[in-house]
Amino acid sequence: EPTIVAITESEKSLYRENGPGGGVSFIKNQAECPFRAFARHRLYAQKEEFPELDFEHQERGTLVHKALEIFWKQTRSQDALFKLQQDNRLVASVRNSVQQALNKHANEVSRQGRFYQLELERVHNLILGWLQVEMKRSPFEVIDQEKEDHLEISGLKLRLRIDRIDKAVDGKILLIDYKTGAVAPADWFGKRIQEPQLPLYAFQTSPDGVAFAQVKKRSHKLQGASDVSFTDPGLVAVNYKKYSNCSTWEEQLENWRINLKALADEFVFGQTQVNPLKGHSTCRYCDQQTLCRISDKAQGSIDMEDEE
């Protein structure tokens, strides 16, 4: 079966101006399964979502992101965080940030008073728990949030957005991506990068470290990878040298550039084979199985074995 579907001239023109539909997620999808990237970002095949009365998981994650953005826009540094705690104003400040974030969803929750209250309490408690991690870190200043940038890779123009950029007292820069579910920093490494957001932004800015902020009930942690010169007692660091065989942070940044460009080149070349990176676990939550027919192929293999 053909696995190459060449990109047309009209597609090339569109991608040079706006990038593939869905932004940087095309690299994640290309890494996990080239056919998924083809279906979602070239065919624009997407599962139709039906409206819910309350928030879906993604909306709840967005709410946490927004509340944290509002909080740090007002607070700005770890010193200011400690001052709020010392003055017994931290609880009120967090609550106010969550209320402001919820008000941006006024249409969804205005007629659901009980749901509004439950969601307010949930996010309020979640962020208070997360801030305990922030207090254990080395002193820092939040110098930017939701920062947008543009990157050109393999003739594709991408718009990037980073949740947060911190600066330590010695000037070291840490890029942070908020996650409300479980995270695996190992997904940054290997040739097929499954979590490209931070590596892509590092591609552009060469920070001293990158980290997932796992804002998750009973499992708050800051997990990342960094240059040996970057130290933070609140950061659970993974050994990037173990995963990528890079001996220095500069080599790791270059390794990301090479591997990200290789995935973008695959997409531009038109590689569309059905090839899930982790087999069934990759396919489990994919909405393209009616197109790729991977279950039919798997059944066909079983039938062939039965005939032998």
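**Around strand S3**

Reply: In the hairpin of S2 and S3, which has four residues between the strands, Gly171 takes a positive phi near 90°. This is a predicted model, where local features need pLDDT of at least 70 and side-chain atom pairs count only at pLDDT 80 or more, while totals for chains, interfaces and linings use all residues. Residues are numbered from 1 along each chain as its sequence is written, and side-chain values use heavy atoms, leaving out hydrogens and water.

Me: How many bridges join S2 to S3?

Reply: Four bridges, and S2 (residues 156–168) and S3 run antiparallel. Strands pair here if DSSP finds at least two bridges between them.

Me: Why is S3 largely enclosed?

Reply: Because five of the seven residues of S3 (residues 173–179) are buried. Buried is under 20% relative accessible area, exposed is over 50%, and partly exposed is in between (1.4 Å probe, protein chains only).

Me: Zooming out, how many helices and strands does the chain have?

Reply: It has 14 helices and six strands. These are DSSP runs numbered from the N terminus: helices are H or I with at least four residues, strands are E with at least two. Of the chain's 308 residues, 46% count as buried.

Me: Switching topic: where does His41 lie?

Reply: In helix H3 (residues 34–41). His41 is buried, at a relative accessible area of 3%. Its side chain makes a polar contact with the side chain of Asn29 at 2.8 Å. A polar contact is a pair of N or O atoms within 3.5 Å; within protein, one must be able to donate a hydrogen and the other to accept it, and residues adjacent in sequence count only if both atoms are side-chain atoms.

Me: Which residues is His41 in contact with?

Reply: Leaving aside neighbours within four places in sequence, they include Tyr15, Pro20, Phe26 and Phe267. Contact means heavy atoms within 4.5 Å.

Me: What about Glu119, buried or exposed?

Reply: Buried, with a relative accessible area of 2%. Glu119 sits in helix H8 (residues 113–135), and a 2.8 Å polar contact joins its side chain to that of Arg122.
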